[in-house]
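Here are some notes to read alongside the structure. Take the points in order, with the 3D view open.

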Amino acid sequence: MQIEFTAVLWQWQVRTDSWWFVTVPPEHSDELADLPLPPRGFGSIRVRVTVGRTTWTTSVFPSDRDGGYVLPLKKKVRQAEDLTPERPVTVALETIDI
């Protein structure tokens, strides 16, 4: 499954040192939730992500806050792509291991 979306970069308020995310929009979160998934920790789904020129493998995680999935954006990616808080980020996401 491949999806593309734009979402705002936000910081998790519980740990402000390094946890930054974008929220997968509801329509795409619903598609992800409907996938037949192997059991994984925290209900996560492995994905390959591209933001700008940076591609990496990570997981999206279910979010109680938003009722969908969230994608963590590590510091290395934020720096490489000059991402700033509260600004839109365009994400290409592909599920893997399904």
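Predicted model: local features only at pLDDT ≥ 70, side-chain atom pairs only at ≥ 80, totals over all residues.

1. Leaving aside residues up to four places away in sequence, Val91 touches Ile3, Glu4, Phe5, Val22, Val49, Thr50, Val51 and Leu71.

2. Val91 belongs to the covered face of strand S7 (residues 88–95), together with Val89, Leu93 and Thr95. Pro88, Thr90, Ala92 and Glu94 make up the uncovered face. If you're wondering about the every-other-residue pattern, side chains in a regular strand alternate between the two faces of the sheet.

3. Who are the neighbours of S7? Strand S1 (residues 2–8) is joined to S7 by 7 bridges, and the two run antiparallel. To find your place there, look for Ala7, which stands opposite Val89. Strand S4 (residues 45–51) is also antiparallel to S7, with 4 bridges between them. Here Val49 has Leu93 as its bridge partner.

4. Now zoom out to the sheet. It is an open one of 7 strands, in the order S1-S7-S4-S5-S6-S3-S2, with antiparallel pairing. S1 and strand S2 (10–11) are the edge strands, each pairing on one side only. Further along the order, S3 and S6 run antiparallel and share 3 bridges; Phe21 stands opposite Pro72 in S6.

5. Which residues touch the most other members of the largest nonpolar core? They are Val22, Val60, Leu73 and Val91, out of 22 residues in that core. Two or more residues each come from S1, strand S3 (20–23), S4, strand S5 (54–62), strand S6 (69–72) and S7. S4 gives the largest share, 4 residues. As background, nonpolar side chains tend to be buried together in soluble globular proteins.

6. Next, the largest pocket, which has a volume of about 360 Å³. Its lining is made up of Trp10, Trp12, Trp19, Phe21, Phe42, Phe61, Pro62, Ser63, Asp64, Arg65 and Val70. Sorted by class, that gives 8 nonpolar, 1 polar and 2 charged residues. Phe21, the residue opposite Pro72, is one of those in the lining.

7. Ser63 is found in the loop between S5 and S6. Is Ser63 buried or exposed? Its relative accessible area is 11%, and the cut-off for buried is under 20%, so Ser63 counts as buried. Not counting residues up to four places away in sequence, Ser63 touches Gly68, Tyr69 and Val70.

Conventions: Residues numbered from 1 in each chain as written. Heavy atoms only, no water. 1 Å grid on protein atoms, 1.4 Å probe; cavity = no way out; pocket = protein on both sides within 12 Å on 5 of 7 lines; lining within 4 Å. Points joined across faces, edges and corners; volume = space filled by probe spheres on them. Nonpolar A, V, L, I, M, F, W, Y, C, P; charged D, E, K, R; others polar. Buried < 20%, exposed > 50% of the residue type's maximum accessible area, 1.4 Å probe, protein only. Pairing = 2+ DSSP bridges. Core = buried A, V, L, I, M, F, W, Y, C linked by side-chain atoms within 4.5 Å. Contact = heavy atoms within 4.5 Å.
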